[in-house]
Amino acid sequence: MAETDFTIQFRAGTLELRGAPSGLTAHFAAAVKDPRDRSLRCAALHYRSLVAMLHQRKVTHVDLARSYAKISFAAPEGREPFPHQAEAVEAWWRAGGRGVVVLPTGTGKTFMAILAIVRAGRSTLVVAPTLELVTQWKGELERNLKIKVGSVGGGERDWQEVTVITYDSAHLLIDYWGPRFGMLVFDEAHHLPGATYRHAASGSIAPFRLALTATPERTDGGESLLNYLVGPLVYRREITDLAGEYLAGYTTERIWVELKPEEREEHDKARDAYRAFVSERGIDTSSPSGWRDFITAASRDPEGREAFRAYRDQRRIVQRAEGKMEKLEQLLARHSDERILIFTSDNATVYDLARRFLVPALTHRTKPAERRDLLSAFHSGELPVLATSRVLNEGVDVPAAAIGIVLSGSGTPREHVQRLGRILRRSGDKRARLYELVVRDSGEAAISKRRRDHNAYR
Amino acid sequence: MLTGDLIRGRVQRGKLRLSAIDPADDDVQSLADRLIMLFGTVPGTRRDDVLTSINLAAEGPVNPIVGRGLAHLLWQRCELSPPPGPNAAKLRSEVFRAAARARASGIEPFPREKILADAGVSLGIDAATVERALFSDLPGEEIVLSFEPITSELLIRNYNLALVQAALLRSTRVVLTLGRPRPEAVRAILRAARFHRLLVAPRKPSPGRLELEVDGPANLLEETVKHGMQLACFAPWALCQPKFHFAADLLWGPDRSPCRLEISHQDALDCPQPSAIAGPSREVQAFAALAGKEEPDWVVNVDAEPIETDDGYWVPDLHLTRMSDQRTVCMDIITRGRPQTVAAHLKRLAKHAQVPWLVAANRILLTEGVPEAEDRILPFRAMPLPSEVFALATSLLDKSSRP
């Protein structure tokens, strides 16, 4: 090794450049002087471009940062990739092994990522949003790569050359893993641009990066950050491109529900109070800042707080309307021989449903052992119904699920598409059905219209 | 301490104005009284029921975030426990599986009551109790066992302190200036800083004034949470002084925008008196215990007293006294901080300390060279070794006794 004082060291999600030749920053604007310790410093994310620049300019340096390995993975056996999977891997590789792949749920994003991992041949960290997904990824990776795969999150700390980790742990443990992996896979990557989670990408030196999602668009426009954190959009296919052949065929049905007279009276009273306040204060609830404006105004005085309570009351009445419960009972009876997922917008409703219909509840409060038991019993058909709020919105592999019942939810198409995605994975000759229960003449009608603003519902 | 969502304050022209509450405000006083009264009645109640009652009790003219903040502080005075009863997870598994079988067999109408009653038979409980016990392991079902009472006056003071403490967790630098402090106040505040592991530079910028500068957690690369908590615990010592100015540079909000928080005795921010200092840090106590056993010729004293220096004060962690000649070396053990601050501390001691001294510091904090103090520094990885410390202390004393 040539003698030089110029060292690159990983520290707390950053690269510390000590003894750098003068004028380096002219060629590498990402490095800035850190007043805390007077070193030159940049986000670890810039490792690839930094090393490329140093090689190009023939700058001698000692790389103390890189701690990941080159690995020759055996290609998965006995399974041919679907055309869209092979195309996605090629597009990603052509983009330099960096970029975002958008594929609908159930079309084999995991297998596509495994092919990309084999192609990159580096120690790999897969980042997933929930513990269910971590377990799922670990199983798939071990089956296909025939190696021991580590998992970190929910109290587990098993680091291996290929490891799966939750977004929360990835962000918290960046000091440890930041220099140890050369390839990153972000599952459900629409979470990545969040203010905290983005550090999981910016604090790693990994030169190879793959982001997977079915729905990259965020209401805050944060998807534009993916380009910086992971790379450009390299491949995209929609549900309508792949339904029937690679996804189950499906129908969606909106069922209108009436409020009971006493519910209607209470609802309308609360809605009028809320609307009067909004109109009196000149708040445009349809504008992008509408909700924030309402919250700000509502927190200022007792009248506002009364309006906020009225807003919550009318929402609660609609979300837990007796008509919805009756309709749900009918649907459970109608599809008693199929696997059913019930989606709500809040945990309180999930637990109400669980008590009323004696169906299992799956929320973020459900402990890992019980989650595993519930999902396994759901797969086997022993427990054919699961009620959940958001835990199953994305990622979790429940191929047996054929019926989705949306009792309540947000107005974002992303959530609705993700929920539809849960029941679209091919399994035998199943035909999927998504029911959406909507209270007539309530705020839900507009929410339903907004959430269906996606080509999957046209 | 308050969580981020409970902090009330706004930044104007680069200055953060925290919305402290006025103990003389009748509405605030009444809210605090109502909440305390409510918490006094909660032992034996479910957490979720308490939350509902809090919402009702907090209604009124005071901003709801204040109510939530006061309730947050009152929750910290509660002891909670899961409710007694059958194992909820096991009960769920049994009930939901029985329900699934009933649904699959097509029994009409769905025998809900019978399923619940059957599940209760072996446990000796009825259907209604089974239904309640299904999710008795959720946090909302926890039962409040006890509540440690507090006066409304102290609760309001604690709230104001908690506001400042929460802000300090986002600070990069804090400068505390005391005007004409009494000697016992100087001693108390310097010892408090030292015992909270804060590396302060106590200076006397002008006669009668004492200035303490401390790094904030946002200025550190490691152990930021620990440092922030210690700084927060130190805050009451600063805020209880009769004449003080307290300036904290902060990185505020989601964008971490720089701003400054300034508080002085003129703000009449009503904060509680600090609690008694716990004593030397664990690291110092552990070293003293180990060193006392290993080297009978040396006595280690952890009762830190401020020592006057040319430019201010120094509160060493330890006094090492050699019994054979009764001579003493003062010592600091530095486990965390900013390398630059550690270097500044070493330079200052080299220039101004008038007693024999040495510093043992974690080696990762010694990246800045300090040639003038090189022979007095002992780097360590986990903890300084007594044998090395005493060897260095011996050499320093021997050197200083040479003509």
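Predicted model: local features only at pLDDT ≥ 70, side-chain atom pairs only at ≥ 80, totals over all residues.
Reader: Staying with chain B, at what angle do helix α7 and helix α9 cross?
Author: Helix α7 (residues 152–168) of chain B and helix α9 (residues 224–239) of chain B cross at roughly 135°, and their axes come within 9 Å. Because angles over 145 degrees would count as roughly antiparallel, α7(B) is described as oblique to α9(B).

Reader: Is that crossing left-handed or right-handed, and which residues make the contact?
Author: The crossing of α7(B) and α9(B) is right-handed. On the side of α7(B), the contact is made by Leu161(B), Val164(B), Gln165(B) and Leu168(B), while α9(B) brings Gly228(B), Leu231(B), Ala232(B), Ala235(B), Pro236(B) and Leu239(B). Sorted by class, this contact has eight nonpolar and two polar residues, with no charged residues.

Reader: Switching to chain A, what is the order of strands in the open sheet?
Author: The open sheet of chain A has eight strands in the order β9-β8-β10-β7-β11-β12-β6-β13, and the pairing is mixed.

Reader: Which strands stand at the edges?
Author: Those are β9 (156–158) and β13 (233–236) of chain A, and each has a single partner strand, so one side of each is left without a neighbour in the sheet. Between neighbouring strands of this sheet, the turn is 20° on average, with direction ignored.

Reader: What about β11 and β12, in which sense do they pair?
Author: Strand β11 (residues 183–186) of chain A and strand β12 (residues 208–213) of chain A pair in the parallel sense, over four bridges. Within this part of the sheet, Met183(A) stands opposite Phe208(A) in β12(A).

Reader: Okay, and where do helices α4 and α5 of chain A lie?
Author: Helix α4 (residues 109–120) of chain A lies across β6 (98–102), β7 (124–128), β11 and β12 of chain A, and runs at about 175° to β12(A). Helix α5 (residues 131–145) of chain A also packs on the sheet, where it touches β7, β8 (150–153) and β10 (162–166) of chain A, with its direction at about 170° to that of β10(A).

Reader: Last topic: how many residues does each chain give to the contact of the two chains?
Author: Chain A gives 20 residues and chain B gives 27 residues. In chain A, the elements giving two or more residues to the side that touches chain B are α13 (302–319) and α15 (347–357). By class, that side of chain A has ten nonpolar, two polar and eight charged residues.

Conventions
Residues numbered from 1 in each chain as written. Chains lettered and ligands numbered in written order. Axes fitted to C-alpha atoms, helices over the stretch in contact; angles between N-to-C directions. Parallel < 35°, antiparallel > 145°, perpendicular 65-115°, else oblique. Left-handed = near helix turned anticlockwise from the far one by under 90°. Contact = placed C-beta atoms within 7 Å. Nonpolar A, V, L, I, M, F, W, Y, C, P; charged D, E, K, R; others polar. Pairing = 2+ DSSP bridges.
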